[in-house]
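Have a look at the structure first, and then we'll go through some of its features together.

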Amino acid sequence: MNNPKTYRLPFLLLILLMLLCFIVNISLGSIHIPVQEIFGSLFGSIENNTWQIIITEYRLPKAITAILVGSGLGISGLLMQTLFRNPLAGPFVLGISSGASLGVALVILGAGLFGGLFTTSLISKWSIVIAASLGSFLVLLAVLAVSNKVRDTMAILIIGLMFGSITAAVVSVLSYFSSAEQLQQYIFWGFGSLSNLSWQELLIFFPVYLLGIILSIVTIKGLNSLLLGDNYAKSLGLNLKQSRFIIILATSLIAGTITAFAGPIAFIGLAIPHLTRQVFKTSNHKVLLPAVFLFGAIVMLICDCIAQVPGSDYTLPINAITALVGAPVVIWLLVRQRKMMF
């Protein structure tokens, strides 16, 4: 496995690129703000109070959210692809996103089936976040319970997919009894959004995200061992059951929190690990984990810049942009390399 020290220059370039994308992201919007004013606002204050509020209260939290979401989904996808040794695995294969979607569907669409239990007037941003968090947490508990009973890793993957099928069926039933207004609200949540988080919400989002990142760092040795097979990992003294538990917990914390606050954002978790492997040509997770973090943050910032439709007042759904922009890039890389690094 490659020595992480040999990648100092690529990491430095990625960090600089991420900072550049961060500044560009903050500069874009329906109101043009000069770059020098942005730097002045970030490192002090500026005379134009309106610009100051726009930057600090809206654009800065959105750019930080893009970094957290992109890096978190990328790392979650890397963990799942390594755990299941499956290039098609992503952060939501365990049904975490489906659980969040079910929780939100019960709040938004539940009025049609449960009458006065849920009403549109009671639905707020926090109620949606709490419902998505509870849905993800319940699915997490179920998956962790299964992981303690089942030894086969692929069986856990299949069970996670079955959880997704069950929740999708329940959402379909709720949709059938819902009004057009409720369906529209649920669909808009499904588009995903980076602009809904305030500083107060980021203060709740970040600690859970950070805990998931710390757990993923703890699993680096185990992830490298799992690449060589379960039997080899056991021969190295790896506790498979414990490592699997921590990997699933880390993925669930990161992906579940992101889905609760930003919605189910697709593609990033599946594609970023492959993009990183194609560029860095290594399977060492000491290199891959920070590289995926940076690549995920950069790609999400770029996708959000495109979603702003520069020069226009429109903002496109981030879910659509992540797939439209990212999928062709990954296809081109795989065709050019003619093989998949894994």
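What follows is a short tour of a pocket, a salt bridge, a surface patch and a few individual residues.

Before anything else, keep in mind that this is a predicted model.

**The pocket**

Let's start with the largest pocket, which has a volume of about 540 Å³. Its lining is made up of 29 residues, and those lying nearest the centre are Tyr-58, Lys-62, Ser-195, Gln-308 and Thr-315.

Several helices take part here. Helix H3 (49-84), helix H9 (199-218) and helix H14 (285-307) each give at least two residues to the lining of the largest pocket. The largest share comes from H3, with 5 residues. As for how one spots such spaces at all, rolling a probe the size of a water molecule over the atoms shows where empty space is left.

**One salt bridge**

Now hold on to Lys-62, one of the residues nearest the centre of the largest pocket. How many salt bridges does a search of the whole structure find? It turns up 1. The side chains that meet in a salt bridge are those of Lys-62 and Asp-304, at 2.7 Å from N to O. This pair ties together distant parts of the chain, with Lys-62 in helix H3 and Asp-304 in helix H14, 242 residues apart.

Are the two partners buried or exposed? Lys-62 has a relative accessible area of 9%, so it counts as buried, the cut-off being under 20%. Asp-304 comes in at 5% relative accessibility and therefore counts as buried by that cut-off too.

**Contacts across the sequence**

Helix H3 comes up again with Ile-75, which is found in it. Ile-75 is buried, having a relative accessible area of 2%. Along the sequence Ile-75 and Val-292 are 217 residues apart, yet in space they are 6.1 Å apart, C-alpha to C-alpha.

Ile-156 sits in helix H7 (residues 153-176). With a relative accessible area of 2%, Ile-156 is buried. Gly-326, for its part, has its place in helix H15 (residues 318-337), and it is buried at a relative accessible area of 7%.

| Pair | Apart along the chain | C-alpha to C-alpha |
|---|---|---|
| Ile-75 and Val-292 | 217 residues | 6.1 Å |
| Ile-156 and Val-93 | 63 residues | 9.6 Å |
| Gly-326 and Leu-60 | 266 residues | 24 Å |

Most residues other than glycine have a negative phi, and most peptide bonds are trans. With that in mind, which way does Arg-85 go? Its phi is near 50°, a positive value in a residue other than glycine. Arg-85 lies in the loop between H3 and helix H4 (96-108), and at 38% relative accessibility it counts as partly exposed.

Phe-267 does something along those lines, with a phi near 75°, again a positive value in a residue other than glycine. You'll find Phe-267 in the loop between helix H12 (240-262) and helix H13 (268-280). Why does Phe-267 count as buried? Its relative accessible area is 16%, and buried means under 20%, so Phe-267 falls in that group.

**A nonpolar patch on the surface**

Last stop: the outside. Leu-9, Leu-12, Leu-13, Ile-15, Leu-16 and Leu-19 form a nonpolar patch on the surface, and together they have about 570 Å² of accessible area. Take Leu-13, which lies in helix H1 (residues 8-27). Its relative accessible area is 51%, and since exposed means over 50%, Leu-13 counts as exposed.

Terms used: Residues are numbered from 1 along each chain as its sequence is written. This is a predicted model: local features need pLDDT of at least 70, side-chain atom pairs count only at pLDDT 80 or more; totals for chains, interfaces and linings use all residues. Side-chain values use heavy atoms; hydrogens and water are left out. Patches are made of residues with over 30% relative accessible area and no salt bridge: like charges are joined within 9 Å, nonpolar side chains (Val, Leu, Ile, Met, Phe, Trp, Tyr) within 5 Å. Accessible areas come from the Shrake-Rupley method with a 1.4 Å probe; for residues, only the protein chains shown count as cover. A salt bridge is a side-chain nitrogen of Lys or Arg within 4 Å of a carboxyl oxygen of Asp or Glu. Helices (H or I, at least four residues) and strands (E, at least two) are DSSP runs, numbered from the N terminus. Buried means under 20% relative accessible area, exposed over 50%, partly exposed in between (1.4 Å probe, protein chains only). On a 1 Å grid over the protein atoms alone, a cavity is a set of points where a 1.4 Å probe fits but cannot get out, and a pocket is an open set with protein on both sides within 12 Å along at least five of seven lines; lining residues have an atom within 4 Å of a point. Grid points are joined across faces, edges and corners, and a volume is the space filled by probe spheres set on the points.
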